[in-house]
Each structure stands twice: as C-alpha cells, then as structure tokens.
Amino acid sequence: MKLALYTDDLLDVDASLVSVGVFSDEPDRGLTFADLNRRLDGMLEQACRDEDFSGRPGQSVIVNLPPGRELRRVAVFGLGERKAFDGEGARSYAGAAARWAGRVGASSMALGFVHAEEAEGSTLGLFQALAEGLHLGRYRYDELRTREVKASPLEAVHVAFSADDVHGLRGSDLRDALDRGGLIARGVMTARDLINAPANVLTPVELAERAKRMAKAHELSCKILTPRDMERQNMHLHLGVGQGSRNEPRLIHLAYEPAGKKNRPVLVLVGKGLTFDAGGLSIKTSEGMMEMKIDMGGAAAVMGAMHAIAALKPDVVVHGVIGAAENMPDGNAIRPGDVIKGKRGISVEILNTDAEGRLVLADTLAYAQDLGPDYLVDLATLTGACMVALGRQRSAAYYREGPMQALFEKAWAKSGELFWRLPLARELKDQLKSDVADIKNIGDRWGGSITAALFLEEFIDSELPWAHLDIAGPVFAAAENGHIPKGGTGFGVRTLVAMCDQLQTQS
Ligand code: BES
Ligand code: MN
Ligand code: ZN
C-alpha cells in the first residue's frame, strides 16, 4: 500500500473515500468536518445526527454521496476528547479507517490529519502513528485459506493536511515519518503472522527456518542451536521441556550490528517460543489448550522487532534470542517431581510441567547474558495469573530500578502499548523454596505472575538492567478494535523498537 502526502482540496482528491476524525468536544465537529459538511449541503451532519454520532472513540458513520464525482463516500470517525487524544488515538483512527476502506471496497482513500495537544503527540510522531495504523488496519491473515481470499483492495492513501497542521516541517521529514511507520508496521505484522500460524505449521524447526530466511533477506546474522548444541551448553531445562514432543526444540539467535565500530549500547531481547503448550504431563483442559498456539507470542515480538530494526538501522547493537520448544506429554516427557539443572547449574524441582515457559527462559536468559548485554528484556506469555490481574489487553512489566526503569518507561510512553508495573516482591520469594532442590518451578495460588518473574530473576545477574514482560493477555485479541485485528496482535514490537530509539537518543 502506498502512502502519499496531500495538501489540496479534499473534495478534489483522487480517491473514492475520504476519512475524517471528529472530537467529541469541538464546536461544529472541527474545521475539516464543518467545511466538508457545508460543501456537501449538510449531508454529513444529517447522517451523524441520524446515527447518534457523538465522537466517542470507536464510533463511526459512513456517508454515501450521490453520484456525479469520483468521491463516493465520506467516513467520519470518533476521536473522543481532544485533550486525551494522542499517538495511540491516531493509530486507532487510521486503523479503523483502513479497515472500513477495505470493507466498502475502496482502492484509494484520503485520510484527514488530526492534531494532538499532548507533548508525546508531536506532529512527526502523529504522522508515523497514522502510517502504522493504516498498514496495521489493513492486515489480514490469509496464508491458509484456499477460498474466499479477500486481500484488502486498499492500495493508496493520501494523508491530507494543511500548512497550519505542520507549522513549517519539511515534506521530506513528514515523508520519513510515514516510511518509519510503515517499517514498524511490517515488524508488527511479521509477529502477527507468526502468532496466527497454527502449531502444526509453525514448529520450533519451522520458526528457526523463518528466522534464517528473515536474516538472509535483511542482513541480520542468525545462529540456530540444535539439541546437540544445546546439550553442550547444558541447557537441560529447555531440552527437558521439549523432550516430550516429536518436534525438536531449537534456540534461535538473531543479531543486528550496525556498520562501523563505535562503543554502542547492547540490547538483548529474549522471547518465549513455545509453539504449542499442551501443559505436558500436567496437561491442560481442552479449553485451556485451545489458544495455546499463541504461546510463542514473546518469540514473535522479538522476530517482529528484529525485522523492523533491520530496516530502521538504529545505532544500537541488538540481539534477539528465542527459546523454541513444544510442550507435550508422552512417554519421554519430564514428570512432576523431576529435578533438572540447566545452563547455570541451579537445580530446579519441576512440580508442574505446565510452568514450562520459565524453564525454557532460564536457559535462554543464561545464553543471552553471555552476549554481554547493557540492557536485557524478555517477553513471554508466561502466566494466566497475569490476565487475572490485568485483563486481556494489558501486559505486566517487571523491571529493575535505575537505567532499565528510565529506558523502559520512556519507550512505554512513546509506543502507546498497554503495560502496568508489578513488583518483584521479595516477600513472595519463599514460595519458590523446594524440599529437595535449590528452587521449585511453581509457587502457591497467590501472586502467580509475580512468582514466575521471581523465578526468572534467579537466573539473572544481580545489577543487570533487566525487564520481564508477561504478555499473556495482549498477544491475542478476541475482537477487532482500531488497528488491532482479531487474533495475533504483534504486541510488544512497538515498545521494543521504541527502546532502540531511546537508546540511540541517549548515547
Ligand atoms: N502459556 C501458559 C500461560 C498462558 C495461559 C498464556 C493462558 C496465555 C493464555 C503457561 O505456560 C502456563 O501454563 N502457566 C501456568 C502456570 C502455573 C502452572 C503455575 C498458568 O498460568 O496456569
Ligand atoms: Mn504452560
Ligand atoms: Zn506456556
């Protein structure tokens, strides 16, 4: 899909659909709306009244125009209150507009620019967010359909603004912001495709193949560890989780190194890549298992971020490390009560084989720390308890004070993704005491997301700037909303890219 800048009269645009955003608290619904409405003889206002349109976020009205011009329709989208509007609002607006364009069969659309008052909503940031939303709203997962494949017909979007909107910014800067948004959206869509792929298609070996292909296409380096390689590094926790499956585990290591040799910050990203989680011998219920192809959502975010980073080329060294395995029950599977030592030599009593993500991550995080990170972030669909605490749309964020807190909170604010900080609560640490080993892999009923994070912390060097994101909820959406489709969301990619941006600005 091509994005272009447009500064002429909206009614003359070479498109069949014009989309405009409207705040709920502006007289005459804003200048763009008022002007269009006047020149369309009040048709827009009439349609909005007929449909009780108040400008709430998520609300929309489509107005079909009488024949006689190329422009066939005007779509009006609610943006909520002006003072609350930000980059995420712009992204959702553009996403909804792109989805509607597809639905009404429009191949071209003009999208009206909207201002934000917030500091974060800088003009360039808004152009970038609009581009992200347009690409993301157009996304569909059709890889496995053999009939009724209906790719969105939307091929061209004119982002329409006036000189007042951009107060002196150059066209080339606006263009760059649109392009950046496109590259970030590509990364998010890479993650969505991986999450949506079913577990019979996307095995650990296939995930590794896709990583290799991506590396080749984008000048990343890529190293794959097979079980024999993992054996040599004593990754018995990761291997243990995979040993009940016919599909062998893999460790995937992608790396981006910018040209030249200055002292650059090193960011290491780690993803949980359970291509399916049946629970192992501590088997899940059929309902609990239904969605478990998404248990590689952390890996997907890392892959998507590496894809975007390879294209954006920040001045930061970035490694992406993925622990891939399938958690299945069979005669060779690990048992509740087994004690296993992984790469770091800590003995772990495995009392529940469904708490497998932390076992895989223990070894993957150990590998990641050998790469000498200045900052280490892991993403994992780690616990159902996290969804009980924060709901299905928001991720938990655990991070240490100091440099990581500063970095993560800035990236979080910039990306617009939903997080909430939870504590690495010392008082819950006793829950991990084992009767026979150094630690056990589950705590009691209370604070399940926190004890999972505390388990991971056992494998992290003290003092290392580290963050753990429990993304079990937001990787998958039950319904479409704005730029987010039903199914895999690609959650996490935008925050990881924002971390790179922030590191680049800092250094
Ligand atoms: N992959 C699951 C967590 C999960 C559940 C992600 C639902 C997305 C949706 C994880 O491996 C798991 O099974 N966790 C257990 C831990 C428990 C056994 C301590 C859980 O949350 O029930
Ligand atoms: Mn599990
Ligand atoms: Zn899992």
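**Notes on a predicted model**

1. In α3, the residues G87, A90, R91, Y93, A94, G95, A98 and R99 meet L126, A129, L130, E132, G133, L134 and G137 of α4; contact here means heavy atoms within 4.5 Å. By class, this contact has eight nonpolar, four polar and three charged residues. Ala, Val, Leu, Ile, Met, Phe, Trp, Tyr, Cys and Pro count as nonpolar, Asp, Glu, Lys and Arg as charged, and the others, Gly among them, as polar.

2. A word on what you're looking at: this is a predicted model, where local features need pLDDT of at least 70 and side-chain atom pairs count only at pLDDT 80 or more, while totals for chains, interfaces and linings use all residues. Residues are numbered from 1 along each chain as its sequence is written, chains are lettered from A and ligands numbered from 1 in the order in which they are written, and side-chain values use heavy atoms, with hydrogens and water left out.

3. Back to the helix pair. The axes of α3 (residues 87-103) and α4 (residues 123-137) come within 7 Å and cross at roughly 35°. Axes are lines fitted to C-alpha atoms, for helices over the stretch in contact, with angles from 0 to 180 degrees between N-to-C directions. Helices (H or I, at least four residues) and strands (E, at least two) are DSSP runs, numbered from the N terminus.

4. Now have a look at S449, which sits in helix α14 (residues 448-457). S449 counts as buried because its relative accessibility is 4%; buried means under 20% relative accessible area, exposed over 50%, and partly exposed in between (1.4 Å probe, protein chains only). Leaving out residues up to four places away in sequence, S449 touches T383, A385, C386, A396, Y398, L422 and D470.

5. Two backbone angles are worth a glance. Most residues other than glycine have a negative phi. D28, though, has a positive phi near 60°, and you'll find D28 in the loop between β2 (17-22) and α1 (31-39). With a relative accessible area of 61%, D28 is exposed.

6. N234 is the other one to check: its phi is near 60°, a positive value in a residue other than glycine. N234 lies in the loop between α7 (227-232) and α8 (236-242). Is N234 buried or partly exposed? N234 counts as partly exposed, because its relative accessibility is 40%.
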